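Reader: I would enjoy a close look at one part of this model, the packing of its helices and aromatic rings. Could you walk me through it in one go?

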Amino acid sequence: MPHILIVEDETIIRSALRRLLERNQYQVSEAGSVQEAQERFSIPTFDLIVSDLRLPGAPGTELIKLGQGTPVLIMTSYASLRSAVDSMKMGAVDYIAKPFDHDEMLQAVARILRDRQSAPAAGEVIAGKTANGNGKSATDNSNGEIGIIGSCPPMQDLYGKIRKVAPTDSNVLIQGESGTGKELVARALHNLSKRAKAPMISVNCAAIPESLIESELFGHEKGAFTGASAGRAGLVEAADGGTLFLDEIGELPLEAQARLLRVLQEGEIRRVGSVQSQKVDVRLIAATHRDLKSLAKIGQFREDLYYRLHVIALKLPALRERGADVNEIANAFLARQSARINRTDLKFAADAEQAIRHYSWPGNVRELENAVERAVILSESPEISADLLGIDIELGDLEDDEFIGLPAQPAGNASNSSHEPTEDLSLEDYFQHFVLEHQDHMTETELARKLGVSRKCLWERRQRLGIPRRKTGVASES
C-alpha cells in the first residue's frame, strides 16, 4: 500500500484530504509544516509527498530537497498559481490548484505513483487506463507502452499514429468529445517522446478567466497590471524543453491566440508588459471537442493558428463507436472500484453487460466510470445488475426539460410538467452535455429556463464545471 505524506497547515483541508486518500486504499501520514514533517518522519521513506506551497516557516518546495527523490505534488491556491511554475522548475513532479475536486486529486496521485514504479500495480486504472504487473495493457500487450484500453480498429489506428507522431516535435491537435480521454493521448505522446524526462504542463483553457489567461500562459512583468507586484514566469515558459498541453483550445481568446502563434512561428515568448522576447523550446499538443475550422470561418478562431495546430490531427472515437472496448473498460473500472472496498466477488450480470454495450454513453469514459462506481457502492450481491448502473434510459428519448432531471419551465408549452430528479443519473454530466449541445442556439435565459434553474445558478455551474459562455450566439439576449 503506497504511503503518502500530507503537509498542509489548514486542519480542515488536511483532514479532508487524508480521508479521501485513505478511502482509496492509501496509507497516509500528515504534518502541518515542513519542520513538523522533519521532526516526526523520515521524509525519503514516503512514496509521495503532497504539500501546500505556502506553509508556516519553510515553503513546501523545501520538501523536494528533503525527499531525496521522493516525488512532491504541490498544492497551490489559484491566486498563487504562477508560483507553482517556479516549484516545477525546482523539481516538483506536478502541481494542483486549490480548490480541486476529488477525482482530479486521485488521478494526479495515481499517475505520479504509477510513473514512479517500474512495474505498476496489477489492475491499476486511471480514467480508462489499466496495466498488469509488466506495465502492459491488461487487454492488449501490443499497446502497453501507450497504456490505453481498447482493441477496436479505430483505437488500433490511433495507437499506430501515436507511435509515429510521438518521437517528432510536430504540433498535434487531438479531437474528440468530452470525456473520451484526450489528455491520456497527450500524455502518451509526451511519454513516448524524447521530451519524456522534461515536464508536461497541462492547461485547461476553459478553466482560466479570460482576463488572466495571457498572464498565466506567457507570464508578466512587475507592474504590468494592477496587482502585479512582481514578475512571474508563465506556463509556456515552465514547459520549456518539454510539452505544453492546451486542453479546450477553442476557448482561448483571440488575443492569446496571437501570442501563441508567435510561440509556434518564432519559438519565443514575450511576457505581458515586457518589451523583450525570450526563446522557448516547447512541443505543443492541443485538444478540443469543437470544430476549429468552422470557428475560424466565423472569426472565433484564428485561421493561421488553426493550420499551425493542424500539422497532425488525431481523432479520438466516442465510446459508443468503440464496440466491445466499452465492456473491457467497464471491467477495468470494476476491478479498480472493487479493490477500493476490498471485494473480489463482484461481476456484471448478463443484463448489465448488454446494457453497457448498447448504451450510447453521451458522457463517454467519464460517465462509464461514474456508473460503475455507483453500481459497486450500491451492490448488495456479487452480481451487478443493469438497474444499478442507472443507464436503462435512452438519452435520445428524453425531452430537453427532462434532460437535467430538474423542474423545467419551457415558455409557451401548454403541457408544462415537472420531473423529479433521477438519482441514478449524473446531473453534472447531463448539465454539461445539455449546455454544450444547446448553447449555440439558446440564450442564457433560455438555457436556465429549460434546466429549471436561475441564471445565477447556471453561471455558477458553468464556472464549477469549466464550461465557458459562448462568445456569440444565434439567439440574442432580451
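Author: Let's begin with a term: a residue is called buried when its relative accessible area is under 20%, exposed when that value is over 50%, and partly exposed in between. Please keep in mind that this is a predicted model.

By that cut-off, Tyr359 and Trp361 are both buried. Their ring centres lie 4.7 Å apart and their planes stand at 85 degrees, so the two rings make an edge-to-face pair. The structure holds 3 aromatic pairs, and another one of them joins Phe41 to Phe46. Here the centres are 5.6 Å apart, the planes are at 85 degrees, and the arrangement is again edge-to-face. Phe41 has a relative accessible area of 19%, so this residue counts as buried, the cut-off being under 20%. Phe46 is buried as well, with a relative accessibility of 2%.

Now to the helices. Two packed helices are described by the angle between their axes and by the distance between those axes. Take helix α13, residues 325-340, and helix α15, residues 364-378: their axes come within 9 Å and cross at roughly 45 degrees. That angle makes α13 oblique to α15, and the crossing is right-handed. On the α13 side, the contact is built from Val326, Ile329, Ala330, Phe333, Leu334, Arg336, Gln337 and Arg340. From α15 come Val365, Leu368, Glu369, Val372, Glu373 and Val376. Sorted by class, this contact has 9 nonpolar residues, 1 polar residue and 4 charged residues.

The axes of α1 and helix α5, which spans residues 102-116, come within 11 Å and cross at roughly 60 degrees. These two helices are therefore oblique to each other, and α1 passes α5 in a right-handed crossing. Leu17, Leu20, Leu21 and Arg23 of α1 meet His102, Met105, Leu106 and Val109 of α5. By class, the contact divides into 6 nonpolar residues, 1 polar and 1 charged.

While we are at α1, have a look at Arg18. Arg18 sits in this helix, which covers residues 11-23. With a relative accessible area of 27%, Arg18 is partly exposed. Leaving aside residues up to four places away in sequence, Arg18 touches Ile6, Val28 and Glu30. Ser29 is 11 residues from Arg18 in sequence, and the C-alpha atoms of the two are 7.9 Å apart in space.

Leu451 is buried, at 1% relative accessibility. Leu451 and Phe434 are 17 residues apart along the chain, and their C-alpha atoms are separated by 8.7 Å.

Finally, here is the setting for these details. The protein chain has 20 helices and 16 strands. Of its 478 residues, 52% count as buried. Among contacts in the chain with a separation of 6 or more, 65% come from residues 24 or more positions apart.

Methods
Residues are numbered from 1 along each chain as its sequence is written. This is a predicted model: local features need pLDDT of at least 70, side-chain atom pairs count only at pLDDT 80 or more; totals for chains, interfaces and linings use all residues. Side-chain values use heavy atoms; hydrogens and water are left out. Axes are lines fitted to C-alpha atoms, for helices over the stretch in contact, and angles run from 0 to 180 degrees between N-to-C directions. Helices (H or I, at least four residues) and strands (E, at least two) are DSSP runs, numbered from the N terminus. Angles under 35 degrees count as roughly parallel, over 145 as roughly antiparallel, 65 to 115 as roughly perpendicular and the rest as oblique. A crossing is left-handed if the near helix is turned anticlockwise from the far one by less than a right angle, and right-handed if clockwise. Contact means heavy atoms within 4.5 Å. Ala, Val, Leu, Ile, Met, Phe, Trp, Tyr, Cys and Pro count as nonpolar, Asp, Glu, Lys and Arg as charged, and the others, Gly among them, as polar. Rings of Phe, Tyr and Trp (its six-membered ring) pair if their centres lie within 6.5 Å; planes under 30 degrees apart count as stacked, over 60 as edge-to-face and the rest as tilted. Buried means under 20% relative accessible area, exposed over 50%, partly exposed in between (1.4 Å probe, protein chains only).
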